[in-house]
Amino acid sequence: MMKGNNMDTEITLQLSATPTDSGFDILAINAGVAKGYGFAFSSAVLQEAVDLYNNKPVFIDHAPPGGQPSVRNLAGTISSPKWSVKENGITAKLRPSGPAANILLSVRDAAMEDPAIMQEVGFSTHLFVQFDNKHNVKKIVRVKSVDVVIDPARGG
């Protein structure tokens with residue numbers, strides 16, 4: 001059972017991404033309700049959290065419940081997060097690097113050839129939040145990682 005107020009709550013949200021020559025341009029999160037969780041993210045809360053996305057790791061698949069991600073699945077890093085008025089959210093660059101970078105690059109190449117691939121494969125941010133008793137997010141406490149997954153949960 002989740003409680004509000006000052007408790008840090010761990011959630012995972014879907015991201016939007018566009019493949020590029022150097023990796024991906026991603027919409028890390030935008031204002032709105034995180035479907036599947038019911039948490040509402042405001043523009044103000046997101047603007048305060050922009051820097052939390054800088055230099056975060058990208059893994060192939062989420063770690064198992066209660067487990068830690070494997071270094072074998074390290075596929076890249078997030079950089080250059082910024083606030084986008086147009087998207088009403090945080091955008092960033094994803095640069096492939098690490099032991100699983102080739103998997104991420106294969107996903108990118110497949111998405112460039114067939115954009116429908118991104119309907120099944122997506123990026124999911126793993127973060128910790130504080131929320132009130134109405135499920136309004138008061139603060140993003142920490143961004144743990146951004147992971148490449150099949151059928152990610154719908155994000156904000």
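User: In which strand does Lys144 lie?

Analyst: Strands (E, at least two residues) and helices (H or I, at least four residues) are DSSP runs, numbered from the N terminus. Lys144 lies in strand S9, which covers residues 137–150. This is a predicted model, in which local features need pLDDT of at least 70 and side-chain atom pairs count only at pLDDT 80 or more, while totals for chains, interfaces and linings use all residues. Residues are numbered from 1 along each chain as its sequence is written, and side-chain values use heavy atoms, with hydrogens and water left out.

User: Is Lys144 buried, partly exposed or exposed?

Analyst: Buried means under 20% relative accessible area, exposed over 50%, and partly exposed in between (1.4 Å probe, protein chains only). Lys144 has a relative accessible area of 22%, so it is partly exposed.

User: Which residues does Lys144 touch, not counting those up to four places away in sequence?

Analyst: A contact means heavy atoms within 4.5 Å. On that basis Lys144 touches Lys56, Pro57, Gln68, His126, Leu127 and Phe128. One of these, His126, is 18 residues from Lys144 in sequence, and their C-alpha atoms are 5.4 Å apart in space.

User: How many bridges pair S8 with S9?

Analyst: Two strands pair if DSSP finds at least two bridges between them. S8 and S9 pair in the antiparallel sense over 11 bridges. Phe131 has Val137 in S9 as its bridge partner. The hairpin of S8 and S9 has 5 residues between the strands, and there His135 takes a positive phi near 65 degrees.

User: Which residues of S8 are buried on each side?

Analyst: In a regular strand the side chains alternate between the two faces of the sheet. In S8, both faces are covered: Val121, Phe123, Thr125, Leu127, Val129 and Phe131 are buried on one side, and Gly122, Ser124, His126, Phe128 and Gln130 on the other. Thus 11 of the 11 residues of S8 are buried.

User: Where is Asp132, and what is its nearest side chain of opposite charge?

Analyst: Asp132 is in the loop between strand S8 (121–131) and strand S9. For charges, Lys and Arg count as positive and Asp and Glu as negative, while His and the chain ends are not counted. A salt bridge is a side-chain nitrogen of Lys or Arg within 4 Å of a carboxyl oxygen of Asp or Glu. Asp132 is buried yet has no salt bridge, and the nearest side chain of opposite charge, Lys134, is 7.0 Å away. The backbone nitrogen of Lys134, however, lies 2.9 Å from a polar atom of the Asp132 side chain.

User: How do S5, S6 and S7 pair?

Analyst: Strand S5 (residues 57–60) runs antiparallel to strand S6 (residues 74–84), joined by 3 bridges. Pro57 stands opposite Thr77 in S6. S6 is in turn joined to strand S7 (residues 89–96) by 7 bridges, and these two also run antiparallel. Ser84 has Gly89 in S7 as its bridge partner.

User: Where is Asn55, and what is its phi?

Analyst: Asn55 is in the loop between helix H1 (43–48) and S5. Its phi is positive, about 60 degrees, although Asn55 is not a glycine.

User: Which elements have the lowest and the highest mean pLDDT?

Analyst: pLDDT is the predictor's confidence in each residue, from 0 to 100. Among the elements of the chain, strand S1 (residues 8–20) has the lowest mean pLDDT (56) and H1 the highest (96). The chain averages a pLDDT of 83.

Conventions
Polar contact = N/O pair within 3.5 Å; in protein donor to acceptor, adjacent residues only side chain to side chain.
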